[in-house]
Amino acid sequence: MRRRRITKRELTPDVKFNSELVARLINMLMRCGKKSVAQKIVYGAFDIVSSKKKDMEPLEVFIQAVENVKPKLEVKSRRVGGATYQVPLEVPADRQIALAIRWIVTYSQGKKGRSMMDALASEILEAFDNTGASVKKKDDTHKMAQANKAFAHYRW
């Protein structure tokens, strides 16, 4: 192995929901160390989610949305001889969560003409309903892995 394994830092749960998953969302959303701004956006988005889904807790909706976006497979480039192959690999659990949250945040930021609070809330609701850009990204990733199944024997 070329490099040593990185030790995972402990993540303190967020203040309102006491959830590490929400803390990861806040950290992913944060720009230039402005955590309080990121917290306002996330908690505001959760308020919007709770007003739209009255029968459910916003944390439950978010957890289900992340579950719906988590990819099981992804492709990694491997050089074998002179050729580069897209080799399908199973995604570790921690990376699944990181990718899901990253995609939700990225596609929320891509929604122009509305506040980040509204965009994040709508992306969470769409992911909860198994629609939206982040779920499409997961499906595309799975399709890519499926298409390159023939190169699975190159994984190591």
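**Figure 1. Overview of the protein.** The protein has six helices and two strands, where helices (H or I, at least four residues) and strands (E, at least two) are DSSP runs, numbered from the N terminus. Starting at the N terminus, the order of elements is α-α-α-β-β-α-α-α. Along the principal axes, the C-alpha atoms fill a box of roughly 55 × 35 × 30 Å. Residues are numbered from 1 along each chain as its sequence is written, and side-chain values use heavy atoms, without hydrogens and water. In this predicted model, local features need pLDDT of at least 70 and side-chain atom pairs count only at pLDDT 80 or more, while totals for chains, interfaces and linings use all residues.

**Figure 2. Helix α2 against helix α5.** Helix α2 (residues 35-52) packs on helix α5 (residues 116-128) at an angle of about 50 degrees, and their axes are 8 Å apart. α2 is therefore oblique to α5. Axes are lines fitted to C-alpha atoms, for helices over the stretch in contact, and angles run from 0 to 180 degrees between N-to-C directions. Angles under 35 degrees count as roughly parallel, over 145 as roughly antiparallel, 65 to 115 as roughly perpendicular and the rest as oblique. In α2, the residues that meet α5 include Ile41, Val42, Phe46 and Val49; in α5, their partners include Met117, Leu120, Ala121 and Ile124. Contact means heavy atoms within 4.5 Å. The residues of this contact divide into twelve nonpolar, one polar and three charged. Ala, Val, Leu, Ile, Met, Phe, Trp, Tyr, Cys and Pro count as nonpolar, Asp, Glu, Lys and Arg as charged, and the others, Gly among them, as polar.

**Figure 3. Helix α3 against helix α5.** The axes of α3 (residues 58-69) and α5 are 7 Å apart, and the two helices pack at an angle of about 65 degrees. Val61, Phe62, Gln64, Ala65, Asn68 and Val69 in α3 meet Ile124, Leu125, Ala127 and Phe128 in α5. Eight of these residues are nonpolar, two are polar and none is charged.

**Figure 4. Helix α5 against helix α6.** α5 and α6 (residues 133-147) pack at an angle of about 50 degrees, with axes 7 Å apart, which means that α5 is oblique to α6. From α5, Glu123, Glu126 and Ala127 meet Ala133, Ser134 and Val135 of α6. This contact has three nonpolar, one polar and two charged residues.

**Figure 5. The largest pocket.** The largest pocket holds about 1,200 Å³ of space. A pocket is an open set of points on a 1 Å grid over the protein atoms alone, where a 1.4 Å probe fits, with protein on both sides within 12 Å along at least five of seven lines; lining residues have an atom within 4 Å of a point. Grid points are joined across faces, edges and corners, and a volume is the space filled by probe spheres set on the points. Of the 23 lining residues, Arg5, Ile6, Lys8, Asp94 and Arg95 are the closest to the centre of the pocket. Helix α4 gives the largest share of the lining, four residues. By class, the lining has six nonpolar, two polar and 15 charged residues.
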